[in-house]
There are 2 protein chains.
Amino acid sequence: MNVLIAEDEQKLRDIVVKYLKKEGYTVFEAENGEKALEKFNEAPMDIVILDVMMPVVDGWSCCREIRKTSEVPIIMLTARSEENDRVFGFELGADDYVTKPFSNRELMMRVKSLIRRSAKDNETVLEAGKIKINVRAHRVIMDGKELELSPKEYDLLMFFWENCDIALSREKIIDKIWGYDYYGDMRTIDTHIKRLRSKIKDSGCEIQTVRGVGYRFVVSEE
Amino acid sequence: MNVLIAEDEQKLRDIVVKYLKKEGYTVFEAENGEKALEKFNEAPMDIVILDVMMPVVDGWSCCREIRKTSEVPIIMLTARSEENDRVFGFELGADDYVTKPFSNRELMMRVKSLIRRSAKDNETVLEAGKIKINVRAHRVIMDGKELELSPKEYDLLMFFWENCDIALSREKIIDKIWGYDYYGDMRTIDTHIKRLRSKIKDSGCEIQTVRGVGYRFVVSEE
DNA sequence: TGACAGGATTCACATATTGTTCACAAAATC
DNA sequence: GATTTTGTGAACAATATGTGAATCCTGTCA
């Protein structure tokens with residue numbers, strides 16, 4: 001797994017690089033956008049992390065350039081939490097957005113989540129905790145044994161998977177799995193969650209309840 | 001079965017080689033395109049796996065060179081999921097295309113599937129479990145005895161065969177076997193599946209139902 | 001033409017699996 | 001402690017699939 005990180009502040013870069021390496025990634029460093037673009041052509045990257053404020057070529061330009069030729073997941077680092085920047089970034093094609101100061105843990109989680117999401121598009125076998133999903137075969141494996149999920153349970157799991165570590169409201173889940181024109185009991189979902197939970201317990205994955213909102217799927221430390 | 005793998009990243013190459021050997025293939029390794037072309041002339045290959053990004057001679061050039069003299073199945077490994085590359089690759093004569101990161105299981109399946117497909121073109125005898133299919137003769141043999149399949153059953157079996165371990169929706173099956181303009185009863189397929197199942201039971205092959213989706217053909221351990 | 005054969009399709013019913021609802025329990029929040 | 005939200009088990013409803021038999025085609029052949 002190759003990661004490219006472009007950040008002009010060396011101290012911060014060093015810390016992030018240290019953590020990335022600890023997680024087993026191969027890290028390519030750049031101290032500005034220009035260097036980043038050079039490095040980007042050196043090796044196929046699996047994820048790119050760009051600081052917005054950089055000398056020579058800034059993060060936005062760099063992002064725009066990369067997007068001309070690649071769909072690699074891009075995370076932007078920025079000092080301000082302004083909604084404007086965020087929207088601007090997504091328009092340019094950034095996939096995620098981390099506001100400084102951030103914890104390494106947070107950054108790592110975003111990195112993993114993006115890699116996981118992009119892996120889904122290309123490949124058919126997803127993996128997290130003790131669970132593997134073979135999308136093409138429509139199969140879920142836990143500890144080598146097949147997990148027998150009903151269609152709704154499978155759909156739910158896939159939806160959570162794609163939105164790992166994101167609180168999903170009941171409405172969103174209903175809209176996605178049941179369709180926006182569903183008008184049955186909102187509590188139906190609870191029952192499915194219950195059953196899915198009981199099937200994936202001890203898997204290293206978990207569906208947490210977010211009171212007043214809905215649910216959140218998380219993969220505990222790997 | 002001889003396999004040639006050209007991949008410059010040694011770690012990755014080692015892993016793939018390990019799996020290929022485990023599957024019983026004779027493996028020839030190359031760390032770049034030039035070496036690959038050399039090796040390719042050393043022995044008759046049954047399948048070639050080429051990384052796109054390689055020093056000296058890259059995967060595309062290598063693919064083009066090989067195609068000048070051979071119709072061996074070629075799988076390209078690439079880091080980006082761009083449709084452009086894919087199209088480009090197929091134009092050059094690549095047969096399949098695996099995007100990094102990939103699981104070994106996935107790669108092995110593609111390898112097997114290609115070998116199977118090319119076998120179909122040249123030798124016309126496919127084999128799995130206790131079933132042999134002589135494509136040219138349009139015959140299916142199980143345990144030495146001929147299986148009498150109706151045309152639809154034969155088509156179904158071939159379609160499943162080509163999509164081993166993949167969940168196929170009813171729609172896909174209908175489109176492929178009956179044509180996209182079929183508008184009869186969707187349940188017709190069930191009856192054919194039933195009959196095919198009863199004919200291939202005890203063959204080591206099995207048509208599993210994937211509830212809410214369709215069917216999945218699997219070959220139990222060989 | 002008309003009987004026949006093989007296969008394809010449809011249909012009705014049996015079964016199995018899944019989805020929904022509801023009432024009450026448990027937990028969190030106010 | 002009252003109120004709101006969520007968890008849970010069981011009953012029931014709805015769906016999807018399996019299956020056998022009847023029917024419909026579409027050729028063939030006398």
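Start by selecting α6 and α7 of chain B: these helices are oblique to each other, a label for angles that are not under 35 degrees (roughly parallel), over 145 (roughly antiparallel) or 65 to 115 (roughly perpendicular). You're looking at a predicted model, where local features need pLDDT of at least 70, side-chain atom pairs count only at pLDDT 80 or more, and totals for chains, interfaces and linings use all residues. Residues are numbered from 1 along each chain as its sequence is written, while chains are lettered from A and ligands numbered from 1 in the order in which they are written.

Stay with that pair. The axes of α6 (residues 151-162) and α7 (residues 170-178) of chain B come within 10 Å and cross at roughly 125°. Show K152(B), D155(B), L156(B) and F159(B) on α6(B); they meet I173(B), K176(B) and I177(B) on α7(B), where a contact is C-beta atoms, placed from the backbone, within 7 Å.

Next, hop to chain A and pick L50(A). Its contacts include A6(A), A36(A), C62(A) and I74(A), leaving aside residues up to four places away in sequence. L50(A) is also among the residues with the most contacts inside the largest nonpolar core, which has 30 residues. Such a core joins buried Ala, Val, Leu, Ile, Met, Phe, Trp, Tyr and Cys residues through C-beta atoms within 7 Å.

Last stop: A79(A), in the loop between β4 and α4 (83-92) of chain A. Buried or exposed? A79(A) is exposed, with 12 other C-beta atoms within 10 Å; exposed means 12 or fewer, buried 20 or more, and partly exposed in between.

Technical notes
Two residues are in contact if their C-beta atoms, placed from the backbone, lie within 7 Å. Axes are lines fitted to C-alpha atoms, for helices over the stretch in contact, and angles run from 0 to 180 degrees between N-to-C directions. Helices (H or I, at least four residues) and strands (E, at least two) are DSSP runs, numbered from the N terminus.
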